[in-house]
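I opened my notebook to look up how side chains pair up in this chain. Here is what I wrote down as I went.

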Amino acid sequence: MEAPPVTVMPVTGGTINMMEYLLQGSVLDQALESLLHRLRGLCDNMEPETFTDHELVYLLKGQQGNPFILRARRSLSHPTSPWHLRYLGQPEVGDKSRHALVRNCVDVAGSHSLPEFLNEMGFRMDHEFVANGHIFRKGVMKIVVSKLSRILVPGNTENTERLSLSYLVELSVLAPAGQDTVSEDMRSFAEQLKPLVHLEKIDPSKQRH
């Protein structure tokens with residue numbers, strides 16, 4: 001059975017402590033075809049998977065500290081596919097020798113009533129967006145090239161506006177904790193994409209979608 005086109009594969013069983021290793025960059029719209037051509041030559045799938053997803057970011061504010069964040073995502077191109085709920089932990093900053101950002105990641109499938117469930121649990125939607133693009137795979141590595149668009153009318157995924165004149169490029173691996181050697185493989189792969197795109201270890205806590 002083919003997995004739904006989401007940007008992180010689900011964690012089966014929900015009991016394995018999975019870590020996401022991540023490198024990010026961007027490429028201008030006019031350079032997109034050159035990057036896709038390069039990826040077709042380097043990756044296992046010459047023709048990438050395509051996706052159009054709607055993501056909602058939910059916050060649960062506590063008495064103190066940072067709010068608890070969950071991301072609910074559904075496929076617009078495959079409406080009957082399950083929703084996916086993701087939790088991304090704080091980046092681990094201890095080991096400077098790692099070539100990729102590392103954070104805990106839990107991704108589980110959910111029913112179409114997921115937004116209502118989160119609201120009942122006390123979460124409030126902070127923002128939502130539409131992401132569409134291409135997914136390439138190279139062994140355990142996944143490369144996602146996506147265009148992000150803001151939703152102008154809440155809940156209306158047909159009424160959107162592009163956030164920028166560039167595409168987001170993400171190189172990621174999901175692996176059990178402690179398998180830091182994958183970051184070296186990611187660095188080597190990222191070198192092959194230069195100068196079309198420079199993939200870097202970026203701290204998402206310093207970004208705002």
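Predicted model: local features only at pLDDT ≥ 70, side-chain atom pairs only at ≥ 80, totals over all residues.

**Entry 1**

**Entry 2: aromatic pairs.** Next I turned to the rings. How many aromatic pairs does the rule give? My count comes to two aromatic pairs. Phe68 and Tyr87 make a stacked pair, with 5.3 Å centre to centre and 10° between the planes. I placed Phe68 in strand β3 (residues 68-75) and Tyr87 in strand β4 (residues 83-88), so this pair ties together parts that are 19 residues apart in sequence. I noted Phe68 as partly exposed at a relative accessible area of 38%, and Tyr87 as partly exposed at 26%.

Phe68 also pairs with Phe123, and here the rings are tilted: 6.2 Å centre to centre, 55° between the planes. Phe123 is in the loop between α2 (114-120) and β6 (124-138) while Phe68 is in β3, so the parts tied together are 55 residues apart in sequence. Is Phe123 buried or exposed? I have Phe123 down as buried, at 6% relative accessibility. My sketch shows Phe68, Tyr87 and Phe123 linked into a cluster by ring pairs.

**Entry 3: salt bridges.** I then searched the whole structure and got 13 salt bridges. I wrote up three of these pairs.

- Arg86 bridges to Glu20, with the closest N and O atoms 3.6 Å apart. This pair links distant parts of the chain, Arg86 being in strand β4 and Glu20 in strand β1, 66 residues apart. Arg86 is buried at a relative accessible area of 9%, and Glu20 is buried at 4%.
- Arg137 and Glu49 meet in a salt bridge of 2.8 Å, N to O. Arg137 is in strand β6 and Glu49 in strand β2 (residues 49-60), so parts 88 residues apart in sequence are tied together. I have Arg137 as partly exposed at 24% relative accessible area, and Glu49 as partly exposed at 23%.
- Arg98 bridges to Asp180, the closest N and O atoms being 3.0 Å apart. Arg98 is in the loop between β4 and β5 and Asp180 in the loop between β9 and α3, so the pair ties together parts that are 82 residues apart in sequence.

Entry 4: I wanted the surroundings of Arg98. Arg98 is buried at 15% relative accessibility, whereas Asp180 is partly exposed at 24%. What does Arg98 contact, leaving aside its neighbours within four places in sequence? My list reads Glu92, Asp180, Ser183 and Lys201.

**Entry 5: helix α3.** Ser183 came up again here. The buried residues of α3 (residues 182-191) are Val182, Ser183, Met186, Phe189 and Ala190. Why are they on the same side of α3? They cover an arc of only 120° around the axis, which puts them on the same side. I looked up what covers the buried residues of α3, and my note includes β1 (18-28), α1 (32-42), β6, β7 (141-151) and β9 (166-176).

Note on methods: Residues numbered from 1 in each chain as written. Heavy atoms only, no water. Phe/Tyr/Trp six-rings, centres within 6.5 Å; stacked < 30°, edge-to-face > 60°. Helix = DSSP H or I, 4+ residues; strand = E, 2+ residues; numbered from the N terminus. Buried < 20%, exposed > 50% of the residue type's maximum accessible area, 1.4 Å probe, protein only. Arc of directions from axis to C-beta. Contact = heavy atoms within 4.5 Å. Salt bridge = Lys/Arg side-chain N within 4 Å of Asp/Glu carboxyl O.
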